[in-house]
Amino acid sequence: MPATYGLIDGNSFYCSAERVFDPALHRVPVVVLSNNDGCAIARTPEAKALGIRMGDPWHLVRGRAELRPVRWRSSNYALYGDMSRRVYQVLAERVPRVEPYSIDEMFLDLDVPRDLASFCAGLRAAVLRIAKVPTCVGWGPTKTIAKLANGLAKDHAELGGLCDLTDPAERAAWYQRLPVGEVWGIGSRTQEKLARLGVASIADFIDADPRAMRDLLTVVGGRVQAELRGTSCLPLQMMVATRKGLACTRSFGRPVTRWSEMREAVAAYAHRAAEKLRAEELEACHPAVFMHTDPHAKGERYQHLQHAARIEPTGDSRDLIAEAVRMAEGLWRDGLRYAKAGVVLNDLVPAGQQARLFATREPRASARTMAVMDAINRQHGAGTLRPAATGIARSWSTRRAMLSPRYTTHISEIMQATAL
Amino acid sequence: MTGSDKGGGYTGAETTGFVSPAGDHIEGPIDLSQILDLRRPHRFPVRVLGEALVERGILPGDILITDTAAEPRHGSVAIIMVGGEVLVAQLAFRRGQWWLRPGRRDQPPVPVGEDTQLWAVVAALVRERV
């Protein structure tokens with residue numbers, strides 16, 4: 001177990017990734033919107049200063065006069081994923097181990113024979129120079145402390161993007177000042193429970209009787225308390241746990257009122273989910289479909305229906321499309337305006353390992369067809385080859401009106417530079 | 001690498017009649033992304049616009065393989081961001097500072113100022129059609 005854990009995270013990561021390739025976004029407020037251009041999910045400090053909050057719906061705020069200088073962007077996950085990969089690689093070349101915790105946060109094993117303050121400053125500089133993403137780094141004897149330190153580095157500009165919580169005395173001083181809700185793993189409901197016991201600050205929390213905390217907050221809360229005291233309970237996770245299920249769900253660009261559109265959308269989601277499944281060499285035997293209307297639409301009936309089925313394990317897009325469309329047909333009601341639908345695959349099993357006593361599918365031919373389709377799509381871009389059921393025009397598809405180019409993953413969209 | 005990446009599954013090894021003498025020596029096609037180091041974090045492709053660097057051998061439409069980890073040198077070609085623009089220019093180091101030297105000789109060098117970001121150094125070039 002490392003003696004010191006670090007947490008590095010990208011500052012306004014999605015916005016920073018956009019800025020790398022577009023100098024027009026430098027020094028102006030930038031906001032990245034969620035799928036379907038719904039609401040704000042990443043904001044630069046300039047955008048925060050204008051009062052834009054996380055989750056603000058774009059269609060409600062875009063008209064405001066004071067937000068005229070804001071550059072809005074649709075989420076470009078092909079770009080963000082590739083930039084995350086670059087950040088990871090820069091780190092992996094410099095520290096013993098890296099755990100990619102989320103697209104913009106990595107835990108680090110900081111067992112390095114160096115002065116940590118200058119080492120972490122060097123890490124930050126290397127990520128900025130090479131992957132071009134500004135970051136903050138926090139470190140301490142446990143992951144929970146590293147996460148807290150990272151939050152402090154982000155919130156306190158005077159720390160210069162670095163925060164060291166290895167010294168117990170320094171930690172104790174911060175613990176006095178910080179509410180327990182700042183801690184990773186302590187949500188607002190837990191915070192309320194603790195408040196009723198008079199536990200408000202982190203200092204109160206670590207002074208509380210461990211047995212009482214375990215009773216109140218289960219073993220998970222007990223672990224958080226131990227970690228804050230400096231006893232490491234959470235090791236770096238180098239392996240991603242096998243998925244229990246996966247989903248492909250989307251809000252529509254506009255309400256869907258025709259069955260032909262819904263059928264296409266459900267087929268496309270089933271196909272995408274099947275692609276994810278195959279990429280991880282899994283099969284599904286418990287697909288489910290849901291669809292619902294807009295819960296916020298005035299004067300419209302809200303309806304949310306779902307249907308699940310047990311099938312022979314398969315990773316074949318064609319099988320899953322057929323099952324999903326069959327289930328969706330049972331849910332469909334004429335006259336409703338559907339806002340969202342999705343395909344969820346549960347009970348995933350490793351591909352090709354299931355006994356097929358009464359198998360009706362042809363697993364080998366199916367695997368070969370799917371492998372060819374996936375290879376073509378890898379080479380020529382997602383969606384080049386796809387089942388016809390998933391639609392050609394895709395009138396229902398997600399709105400991404402302010403999408404930037406896929407600068408690093410698509411040769412026809414790479415950054416352009418004018419020769420001087 | 002899966003079979004389909006290698007073209008129909010046949011790599012030169014899996015023969016049905018006579019055992020291929022090449023069986024233990026199959027190496028796969030040459031991988032340009034490996035030669036150009038494109039899987040590393042510091043390599044970014046950039047497309048050239050304009051003809052100003054033709055004399056330097058850089059044509060419009062060329063794909064520059066740029067390196068964000070490389071140190072710039074006198075004479076390097078680099079990607080520069082300045083004034084909201086993305087430029088590709090030759091660098092010169094003279095009288096203790098960096099300059100951008102335009103490809104056309106009749107234009108004066110431009111000093112590299114505070115507001116100029118040296119984005120990457122050009123390391124290689126790909127021309128899709130000759």
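**Close-up views of a predicted model**

**View 1. A lysine charge lies over a phenylalanine ring in chain A.** The charged end of A:Lys143 is placed over the ring of A:Phe107, at 4.7 Å from the ring centre. The structure shown in this and the following views is a predicted model.

**View 2. An arginine charge lies over a tryptophan ring in chain A.** Here the charged end of A:Arg62 sits over the ring of A:Trp58. The distance to the centre of the A:Trp58 ring is 4.3 Å.

**View 3. A:Asn150 is buried within helix α6 of chain A.** Helix α6 spans residues 143-155 of chain A and includes A:Asn150. The relative accessibility of A:Asn150 is 2%, so the residue counts as buried. When neighbours within four places in sequence are left aside, A:Asn150 is in contact with A:Leu7, A:Ile8 and A:Asp9, and also with A:Cys136, A:Val137 and A:Gly138.

**View 4. A:Tyr14 and A:Tyr77 form an edge-to-face ring pair.** Over all chains, a search of the whole structure finds 14 aromatic pairs. In the pair shown, the ring centres of A:Tyr14 and A:Tyr77 are 5.6 Å apart and the planes lie at 85 degrees, so the arrangement is edge-to-face. A:Tyr14 counts as buried because its relative accessibility is 15%, under the 20% limit. A:Tyr77 has a relative accessible area of 34% and is partly exposed.

**View 5. B:Phe93 and B:Trp98 form an edge-to-face ring pair in chain B.** The centres of the two rings, B:Phe93 and B:Trp98, are 4.9 Å apart. Their planes meet at 65 degrees, so this pair is edge-to-face. B:Phe93 is partly exposed, at a relative accessible area of 40%. B:Trp98 also counts as partly exposed, at 26% relative accessibility.

**View 6. Ring pairs join four aromatic residues of chain A into a cluster.** The cluster consists of A:Phe13, A:Tyr14, A:Tyr77 and A:Tyr80, linked through ring pairs. The edge-to-face pair of A:Tyr14 and A:Tyr77 involves two of these residues.

**View 7. A region of chain A carries the UniProt annotation "domain: UmuC".** According to the unreviewed UniProt entry, this annotation covers residues 5-187 of chain A. Over residues 5-187, the chain is 40% helix and 21% strand. The end C-alpha atoms of this stretch are 22 Å apart.

Key: Residues numbered from 1 in each chain as written. Chains lettered and ligands numbered in written order. Predicted model: local features only at pLDDT ≥ 70, side-chain atom pairs only at ≥ 80, totals over all residues. Heavy atoms only, no water. UniProt positions renumbered as here; feature names shortened; annotations may be inferred. Helix = DSSP H or I, 4+ residues; strand = E, 2+ residues; numbered from the N terminus. Phe/Tyr/Trp six-rings, centres within 6.5 Å; stacked < 30°, edge-to-face > 60°. Buried < 20%, exposed > 50% of the residue type's maximum accessible area, 1.4 Å probe, protein only. Lys NZ or Arg CZ within 6 Å of the ring centre and 35° of its normal. Contact = heavy atoms within 4.5 Å.
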